[in-house]
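Please look over the sequence and the model shown below before reading on. The paragraphs that follow lead through strands, helices and cores in turn.

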Amino acid sequence: MKKILFMLAPLMILMLAFRPVTSVTIQGKVTDEMGNPVSNASVMVKGTAIGTTTKTDGGFSITAPKSDITLVISGVGYQPVEIAVKGRSVVNATLKTAQKQLQEVVVIGYGGRGKREMSGSYYNVAGAPQGYYNGTYPGDIDTYFNTEGYDHITENRFLRVTDNPLSTFSIDVDAASYSNVRRFINDGELPPAGAVRIEEMINYFKYDYPQPDGDKPFSINTEISDAPWNKAHKLVLIGLQGKKIPVGNLPASNLVFLIDVSGSMSSPNKLPLVKASMKMLVDQLRQEDKVAIVVYAGAAGLVLAPTSGADKTKIKEAIDNLGAGGSTAGGEGIKLAYKTANKYFVKGGNNRVILCTDGDFNVGESSDDAMERLIENERKSGVFLTVLGYGMGNYKDNKMQKLADKGNGNHAYIDGMSEAKKVLVNEFGGTLFTIAKDVKLQVEFNPAKVAGYRLIGYENRMLAKEDFNNDKKDAGELGSGHTVTALYEVIPAGVKSSFLEKVDDLKYQKNVTPLSKSSHTDEIMTVKFRYKAPDGDVSKLIQHPVRDKQIALAKTSDNFRFAAAVAQFGMLLRNSEFKSDASYDEVVTLARRAKGKDEEGYRTEFIRMVENAGELAKNHKKEPVTEGISKIPAFHK
């Protein structure tokens, strides 16, 4: 008998080695301290890339390889918690509001020519990389200078219709500014004005516009009412709804993941989040889709040749093997990514480079001008660009914007798993599939109806009036199912306003007879659109007259009132000279009444963020700055 058992032992061991691994499903609900559900909270299995996000009711379901695990649960604006499962099938969690203490830090900088002020702020950030090349203090402390980069924004001013009857701009479907602003506010800090791009904040949200008819790529929608922050002015909404193409009908994809694996990406909210994000995207791919992975640090390299989307395990293993270290040769990485995309170009397909980085390029072609010229040359190949920004402290928002704008692409800021899900899962088609490119708008105002106007936001998307008919002029792209919303604040004819600045009468120009009151009196403006097919070179024109049919603010659509609330919030954050009677309380009231179904919880989150920003604004005090010494706030967890 012993001999038989001895002979069977290897067979039994072999059978046990190849037994199926039983996975477990854990369900639960995440709430705040008041018992309210927390939507879009991140639920991760500690030490793995397995994760999910909570639904609008706070509920979640996650499948793990074993029951002896720890869940890490976090939400925007809340303190993360770790919960040991210990074999349970139901795990509930309560998140507490994040609290951060403001502390004043005096920073004195010295350069080669003597004492100078250091640019940026000084933060204590848990998990910051030691030996970080730009301003790390020696020793064991995890602190470094904030060298984030934002371009200055000169707000659009009110223009007289008699002098400037045309307003021309490119659409913008980017939403990076909103999630970045959210990160600042949830860290207990009001964002710098340069980080607040109002058009991106408005376009972060979905709006309930009708789908286009026939073969048109988008529908056009307009609405007029009073400006909530200035009752003497009107607000005009222009909304585009891109055609929603079912995922099964989308063309085959040729994707190249271009991933920054330099030393600055080692923080938990950078490369680890990139890897988890890319895995979520891989789960959306089909057999006909192909993925290659290019990485760059001190040099660039191809770590995964084009692989079918059906081979998800192989792609995910390549992602898991990525590690951070070295300097950042962004230019070389971009060249190799485009070279790879062009080598495997799919005619009529979706050819795209997806760049994941903090934008902190410091080796090779790294200047804004060099990077712009590089991208401009590469976009001619028909390869589009998606830029996903990660991290904080050295995040180069200005460079990311330029790359996306010049590369026929879009730009999103990923501040957590819930945002990754929004961009790469919920909005998969809109993020990665272009249905119309070089989309431009030109508005002609009727001087019989309008004395002056200003476009709210889109400052870095303004075009010369001649650019509208110039098909060589680059403009923004519209993705499958995307919505684009623009707001004009209008001063009606006959209304006196200090916002309309006067100039001296011209000496050599003929007097122009004012437009007759009977001329086009039912039209306040005409909106013209130009766009090209994704692979086209010749634009098509659509004209849309807007009749002056104003309705009371309370009777406007949820689309109108919510967009107006977000615009008002942006003006408050920027401390705009045009904010008039805007207030945080008014934003909250307007947004609550326009929340609608809010199935994904983004509008509820917005309301909570506005309330937090209002409290920060009450306590905000400007610190005096003396020559050579900056008093800079630092936030300690």
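Which residue of β5 does Met44 stand opposite? Met44 stands opposite Val72 in β5. The model is a predicted one, in which local features need pLDDT of at least 70 and side-chain atom pairs count only at pLDDT 80 or more, whereas totals for chains, interfaces and linings use all residues. Residues are numbered from 1 along each chain as its sequence is written, and side-chain values use heavy atoms, with hydrogens and water left out.

Helices (H or I, at least four residues) and strands (E, at least two) are DSSP runs numbered from the N terminus, and two strands pair if DSSP finds at least two bridges between them. Strand β2, residues 42-45, is joined to β5, residues 70-74, by four bridges in the antiparallel sense, and in this pairing Val43 has Ile73 as its bridge partner. β2 also pairs with β3, residues 51-53, over three antiparallel bridges, where Gly51 is the bridge partner of Met44.

Another part of the model holds an open sheet of five strands, in the order β12-β23-β25-β15-β14 and with antiparallel pairing. β12 (159-160) and β14 (218-227) stand at the edges with a single partner strand each, so one side of each is left without a neighbour in the sheet. The partner of β12 is β23, residues 450-455, joined to it by two antiparallel bridges, and Leu159 has Tyr453 of β23 as its bridge partner. Helix α11, residues 558-574, packs on this sheet and touches β14, β15, β23 and β25, its direction making about 115° with that of β15.

Turning to the interior, a nonpolar core is a set of buried Ala, Val, Leu, Ile, Met, Phe, Trp, Tyr and Cys residues joined through side-chain atoms within 4.5 Å. The largest has 43 residues, of which Phe205, Phe569 and Phe606 touch the most other members. The elements giving two or more residues to this core are α2, α3, β15, α11, α12 and α13, and the largest share, 11 residues, comes from α11. A second, separate core of 38 residues includes Leu281, Val282, Val295 and Tyr390.

Finally, the axes of helices α4 (residues 271-282) and α5 (residues 312-320) come within 10 Å and cross at roughly 170°; axes are lines fitted to C-alpha atoms, for helices over the stretch in contact, and angles run from 0 to 180 degrees between N-to-C directions. This makes α4 roughly antiparallel to α5, a term used for angles over 145 degrees. The contact (heavy atoms within 4.5 Å) involves residues including Met278 and Val282 of α4 and Ile315 and Ile319 of α5.

How values were computed. Buried means under 20% relative accessible area, exposed over 50%, partly exposed in between (1.4 Å probe, protein chains only). Angles under 35 degrees count as roughly parallel, over 145 as roughly antiparallel, 65 to 115 as roughly perpendicular and the rest as oblique.
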